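Hi,

Here is the structure I promised to pass on. Have a look at it first, and my notes follow below.

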Amino acid sequence: MIKIGDLAKLSGVTIKAIRFYEKKKLLVPAEVDFYTGYRYYDENNIKRLNEIIYLKKLGFSLKEIAELDEVSIKEKTKQLELNIEKLRQNIAALNLIRKNKKGEFVMNSFTNDTQAIGKWQRVCAVKSKQEFWSKKYKDNEEIFEHFKEIVFLPEGKGYWCFTSWTKGLINVSWGDTPLHYEIEGEYMFITVTDTYDDSDRDIVVYKKVDSKIYSIQELMHRDNIDIPFENDTKTLGLWKSVDYIKLNTQFDPNKNQWNGKLVIDTLSFLPNGEALVSFAKGDAFKTKWSKGVVCFPFEAPVAMHYEIKSILGKNYLNLEWKSGDYIYGGFIQGSFVFEKIS
């Protein structure tokens with residue numbers, strides 16, 4: 001037998017809560033001393049209290065717990081399923097809210113399209129559907145070249161730079177105007193408009209791969225970051241970001257390619273294989289590095305390779321930047337350049 005204070009410590013609830021459960025006749029002490037009024041509890045009381053705590057976490061009210069049976073459990077399950085469906089609808093609606101260039105919120109209602117859900121593979125980019133159906137087309141490979149595959153997630157969910165979708169429309173991160181799509185048989189035709197000249201349009205054709213319901217996690221590319229540490233004395237110390245350069249371009253210390261604010265501020269390499277990454281917005285995190293690579297433990301972990309070069313007597317570190325383009329699209333757009341500070 002244990003006292004009420006011990007029961008409270010074991011269960012993680014307050015003495016006041018236990019007395020309240022007793023008042024509601026949800027919990028009955030195993031014994032109450034006639035003379036002193038002290039309550040005593042046994043293993044059955046501990047089990048019952050844990051049941052009450054567990055059922056409360058599942059959303060049952062105390063009244064429902066008191067009247068609990070198989071029927072009420074089924075009713076609660078059904079109610080939770082309805083709540084989940086409502087939450088999914090709300091999430092789908094929220095995914096369709098976006099800001100335009102004027103800073104205004106644009107809201108669209110979601111209409112499902114079961115034909116769209118699943119994976120699609122790029123076939124070609126042409127000027128019209130008729131050109132595609134004629135089978136005498138030449139693929140404009142530059143249009144949507146990075147989107148070899150696209151996926152329509154359920155409930156209008158977005159991923160990568162496809163922020164959301166509804167039947168016939170795809171909202172994208174690079175513009176205010178949604179992309180229109182049509183489905184004919186196993187093919188999808190997406191109309192893409194030039195950002196600066198809306199008279200210049202192409203039709204990107206995709207072929208259905210499957211109708212699987214994917215999760216965002218399944219679409220992410222993950223690197224192995226379980227890399228044994230190999231020291232590199234040239235890397236040790238503090239590095240300050242000075243530029244961001246596009247892929248296959250050279251860094252020029254006298255002429256920056258990136259005119260905006262750099263996302264990463266500094267990189268600090270410690271001799272024990274730890275690295276400290278600080279961002280321009282003020283936050284920072286600790287990660288690990290090894291010769292030639294820095295690991296970033298994002299939701300999808302990536303291993304970013306680096307190279308050190310000496311230019312005009314100064315040391316610079318070129319670190320490839322694996323953003324969402326790499327995680328979802330498998331390609332790298334550019335790299336950060338850091339100057340050795342100390």
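Phe 144 is buried, with a relative accessible area of 9%. In this predicted model, Phe 144 sits in the loop that runs between helix H6 (129–133) and strand S7 (149–152).

You will find Trp 160 in the loop between S7 and strand S8 (162–166). With a relative accessible area of 18%, Trp 160 counts as buried, because the cut-off is under 20%.

The other part I looked at is helix H3. The buried residues of H3 are Asn 45, Leu 49, Ile 52, Ile 53 and Leu 55. Viewed down the helix axis, they fall within an arc of 170 degrees, so they line one face of H3. That buried set packs against helix H1 (4–11), helix H2 (15–23), strand S3 (39–41) and helix H4 (62–66). On the face turned away from the buried side are exposed residues: Glu 43, Asn 44, Lys 47, Tyr 54 and Lys 57.

At the start of H3, a side-chain oxygen of Asp 42 comes to within 3.1 Å of the backbone nitrogen of Asn 44. After H3 comes Gly 59, with a positive phi near 100 degrees.

Best wishes

Key
Residues are numbered from 1 along each chain as its sequence is written. This is a predicted model: local features need pLDDT of at least 70, side-chain atom pairs count only at pLDDT 80 or more; totals for chains, interfaces and linings use all residues. Side-chain values use heavy atoms; hydrogens and water are left out. Helices (H or I, at least four residues) and strands (E, at least two) are DSSP runs, numbered from the N terminus. Buried means under 20% relative accessible area, exposed over 50%, partly exposed in between (1.4 Å probe, protein chains only). The arc is that of the directions from the helix axis to the C-beta atoms. Contact means heavy atoms within 4.5 Å. A polar contact is a pair of N or O atoms within 3.5 Å; within protein, one must be able to donate a hydrogen and the other to accept it, and residues adjacent in sequence count only if both atoms are side-chain atoms.
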